[in-house]
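Here's a protein model to look over. Let's walk through its helices and strands together.

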Amino acid sequence: MVLLEFSMTPSTKEESKSPYVARILDVIDRSGLSYQLTPMGTIIEGDWAEVMAVVTDCFKALEGDCPRISSQIKIDYRAGANSRMKSKMEAIETILGRKLST
């Protein structure tokens, strides 16, 4: 199972990137994979082929009208583990003995 965190940003003259982020989030949401949006990127959970296909689809959603796109990708693979977004947080909360306000 893969946790993939990424951000994808077109180089445009506009200061706000929200319209492009919305386009990417639409692709991610329609993929059916578990994901978590953060202020600096998005985390997707699934098998390697699934998460890489979503990243590719996000790129394709932008490339038509964005001549330059920057992307940062971080990947964590662990054989056999499911629901890692949730279980990683629960493990830390158990160690701390309290819920985190995330």
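What follows is a quick tour of the sheet and then the helices.

This is a predicted model, so to speak on the terms set for it: local features need pLDDT of at least 70, side-chain atom pairs count only at pLDDT 80 or more, and totals for chains, interfaces and linings use all residues. Residues are numbered from 1 along each chain as its sequence is written, and side-chain values use heavy atoms, with hydrogens and water left out.

Start with the sheet: it is open, built from 4 strands in the order β2-β3-β1-β4, with antiparallel pairing. Strands (E, at least two residues) and helices (H or I, at least four) are DSSP runs numbered from the N terminus, and two strands pair if DSSP finds at least two bridges between them. β2 and β4 each have a single partner strand, so one side of each lacks a neighbour in the sheet. Between β1 and β4 there are 9 bridges, and S7 sits opposite Q72 in β4.

Helix α2 packs on this sheet, touching β1, β3 and β4; contact means heavy atoms within 4.5 Å. The direction of α2 makes about 5° with that of β1. Axes are lines fitted to C-alpha atoms, for helices over the stretch in contact, and angles run from 0 to 180 degrees between N-to-C directions.

Now for the two helices, whose axes come within 9 Å and cross at roughly 145°. Here are the residues that meet:

| Helix | Residues in the helix | Residues in the contact |
|---|---|---|
| α1 | residues 18-31 | Y20, R23, I24, V27, I28 and S31 |
| α2 | residues 48-63 | V54, D57, C58, A61 and L62 |
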